[in-house]
Structure formats: C-alpha cells, structure tokens
Amino acid sequence: MGERKSGILMHISSLPSEYGIGDFGKKTYEFVDFLNETGQKLWQILPMGPTGYGDSPYQSYSAFAGNYLFIDMEEFVRDEYIKDSDLDKLRGLNYDDNLDYGQVKIEKERLLEEILEKFLIKIENDKELEEDYRKFVLKNRYWLEDYALYMVLKDHFNGLPWQKWSKIYKNKIENKFEKNVINEKKLEYYRFLQYTFYKQWKKLKDYANGKGIKIIGDIPIFAATDSADTWSNSEIFQYTKSKVPKRVAGCPPDYFSKTGQLWGNILYDWKVLKKQNYKWWVDRVKFCFEIYDIVRIDHFRGFESYWSIKYGAKTAIKGKWEKGPGIELFRTIEKKIGKLPIIAEDLGLLTPQVKRLLRRSEYPGMKILEFAFGEKENDYQPHRYDKNCVAYTGTHDNDTIVGWYEKLDMETKNRCDEYLKKWLIEKGRNFWNPIEWRCIDTLWSSKADMVLIQMQDLLGLGSEARMNTPSTVGINWKWRLKEKDITEDIKNRLKEVTTTFNR
C-alpha cells in the first residue's frame, strides 16, 4: 500500500438511484467513472451486510452476507424476469436525502420473491446458469447455509431476536425442527439473494479495478448480538447456557459521548476462539479479501483490550477493560492467508499497549484532521504524519468538515485557521479557499501514503449531510448524493490537486 493515492469515502446506500436507495446499477458505474476522471485510486465503503434495527451497517444479520437492498433491479428487466413498469413503485421511493429503508425493503422483497420463481424455472433449462448458481452455493456453504436457515427462522418468528425463539430453534437442534417451518423454497430465496448480490458486486468491483480503483471494505470488530454468526457459533461468544448475553461491547466516555457508547454487541470468548485457532476470524478475513482489495478493521484498539459492559446496563460508564487476543490473532491470520493490506482504525483511547500492537502489526493507522486542532500538539496534525498512515478529513462518525468548522469555538477556529494558513503558504496553495478545500489541499499535500475524504466534505455540505451521530438511533445512514452536486468545478479542482501532489 506504499504508493501515494487518494480517494472518496461513501457508502453504497448514498449513491444516486431511481429506486429509493443506492444500488449496483448504472449510477454506481458512473460514480466509478467520476473517480477515474478525477484521478482517484480508492473508493472506501461501509460494511455491506444486511441491516436490522436502526439500519446501521455495523449491526448486521451476518458478517458474510450482503445487503439485498443494494441489488440492481434493472438487471432483471434486461434479463426479462420483470417488466420496466414493475419498478414504478420503487421509483416512487426516490427520497434524495431521507432514505426510507423500510419502504425500500417492502417493495424490493415483493419483486425479488416474484423473480425467484422465474429464476428457479430458468435454471432448469439453462445448465450454465444452474452450474454457476450451484458453484456459488457450494463454495459459500460454510456461512450461507446457516445464514439462510437463520433468516427463514427469523421470518417464522416475526423478526424476533434468536435469543427469544423457542428452545429447539434457539439452540439449533436441527433434527427437531418442524418441516413446515423450514421450507426449502424459503431457503432457496435467501441463497438466491446472496448469489445475485455477489454476482453483481463482482461485476462492479471488476469494473472499478479495471479503471485502476481499489475498493476499501470495512470489517466491524464485533458481530451483532442478533445475527446468523452468533446463533450458529454461539460457543465463541459470551453467552450463558440459556443464550443470554453475559457482557456486551461499547467504549468509555470520550470525544463523542460523556456516558460512553453502549453498542450492545455480544463480546467474543477469546479463550474458545484461541482453542479453535481463530478459525471464525480467519474465515471472515479470507472472505473479505475475496470481495475487497483493502480492508479497514474497525475499532482496532479492541484487539489489545476492549471495554466490557454488563448486559442490561443503561450506559457504558461502568464497563471495564478486558484483554484481547493481541498480535497472536493477526499472526495466525497471516500464517493462514499471508500478509494483507489492512488499515487499522486506531481511534479512541490509545494506550502505549495499543500503539505497540499497531507497530507490531505494521498496519497503517488513521489520522483524522478534525482532531488536529486541540490545545496541545497531537498526532493528527499533518506535519506529524508519517508515510504509513491513512489520513481523512473525518469518518462516517464525524460531522462534515463544514458542520464541524462552523461549530468550533473561536479559539479553536483561530488555531485551525493559522495552522492551515501556514501549511498552505509553504505548499504554495490558496489559503483563502472554503474550509473543505483548505483541508483537501492540506491532506493531499501531506506525507500520508493514502488520503480520503467523505463525499459530503468534497461537496462542502453542512451537518444536515452527516452520515452518523454515535449513540443515536433513527436519524443515521440516510444521506444520499444528488448528481447535480458534482459540478465541473469540483471535478476540475479535485483532479488538479490530485495531479499536483502525485496522488
């Protein structure tokens, strides 16, 4: 990853589309063309798993499955499974900046169930298609079968978390499952969704790679408490014998929240994972490198030690630090798969032990420009960057650069202005530009091998375009890109700064 490069951070859901949510359709290919035209070599996305309550990509029903809401429905029109007019109801859901996941889900499921019937008929007569489908199912059966079974049961129990299912299902006693509950066609539906999702994703990724653009994927450190992973592998998580969580994840009070963040994800039983030679994690990382070029591992400091909160607590304040697997996990992964292009999300409370783990892993850490202008000199200030890091204006958890700047107190704003002015004068750049372009010029001209900007920041949008506000539910993950916002001026300026600083 040592070559200088730059790119955009934007999730699939934020892409333009006629159908209520960003998808793998033609507008996404046009976005890849935009990246190529402006000289960008990186596109970072958020986790692509199927989301549940709150629509957070960090709370997915599976660490392996893809979110079927991203499936391009126009492909089924081209392949004559449905008519173009069948998409009219989805077209009516084109919420530009207030994405309604629930409505998109209802309309896409209705169509996809109809398409499945025709797909099953088609593979009876198309041997090539049938072989491709069966090959996918066989290759991915180590996660796909449990995921399909989990989703069928979740539907049967009207969406209840698996910990509230009846005993034989909760404990996965398959020889006692009732036949009328486990319908083969329902299982086939969930296999079909994953087959279609990954077939379309591979095509999109190949297109991006062909344009010289690498995809940065994102692995949440924790699995969702209600997920196919925790249900089918409950022994590697901290559950009681009756499948009640013992302790859950979060982080102590910090920059984002005075009461800490209570994520609620079930914690791993690292002792059991170690006995299994970390197989689940090895499988997970290996799978991610089949679908991404580079992987960002979320909450990297949690592998050194993690904030453990008693299940049922109302806030994260009374948690405690527990030791994680440390470098042993990453050495095991390297031994099984090889040296990998991984980015460590090393934000939060960074103790000497966490910094040592980062050094030993040799993974690049993250530098956030929004964190650079406190009272004291710190490692987020660009003059302190080394080459082996990934610099951002902000992440999906931060306010936009414009929203952040507008909220600064006068003293901090003056520090920011003076720092950027001095930096930009030295680089021969215009220090009178709007804040977003001063930040772009600063990052692009820094030593960091990799620099990324949120799409919202490139467009100079305010807090209304923020992707996520930690510790809140119901207002996040909704921002959508409007095509008209990408002007020729933005394209030209981004291309110029990228060329000037050899990105």
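User: Is R466 buried, exposed or partly exposed?
Analyst: R466 is partly exposed, because its relative accessible area is 22%, and that label covers what falls between buried (under 20%) and exposed (over 50%), with a 1.4 Å probe and protein chains only. Keep in mind this is a predicted model, where local features need pLDDT of at least 70, side-chain atom pairs count only at pLDDT 80 or more, and totals for chains, interfaces and linings use all residues. Residues are numbered from 1 along each chain as its sequence is written, and side-chain values use heavy atoms, leaving out hydrogens and water.

User: Where does R466 sit, and what does R466 touch?
Analyst: R466 is in the loop between helix 17 (455–458) and helix 18 (488–500). Skipping residues up to four places away in sequence, R466 touches D397, N398, D399 and T400; contact means heavy atoms within 4.5 Å.

User: How far apart are R466 and N398?
Analyst: They're 68 residues apart in sequence, and 7.4 Å apart in space, C-alpha to C-alpha.

User: Switching topic: what about K5, buried or exposed?
Analyst: K5 is buried, yet has no salt bridge (a side-chain nitrogen of Lys or Arg within 4 Å of a carboxyl oxygen of Asp or Glu). The nearest side chain of opposite charge is E3, 4.5 Å away.

User: Which strand is K5 in?
Analyst: Strand 1, residues 5–9. Among the residues K5 touches, beyond four places in sequence, are K41, D449 and R503.

User: And R359, where's that?
Analyst: R359 is in helix 13, residues 352–361, and counts as exposed because its relative accessible area is 58%.

Notes. Helix = DSSP H or I, 4+ residues; strand = E, 2+ residues; numbered from the N terminus. Lys, Arg positive; Asp, Glu negative; His and termini not counted.
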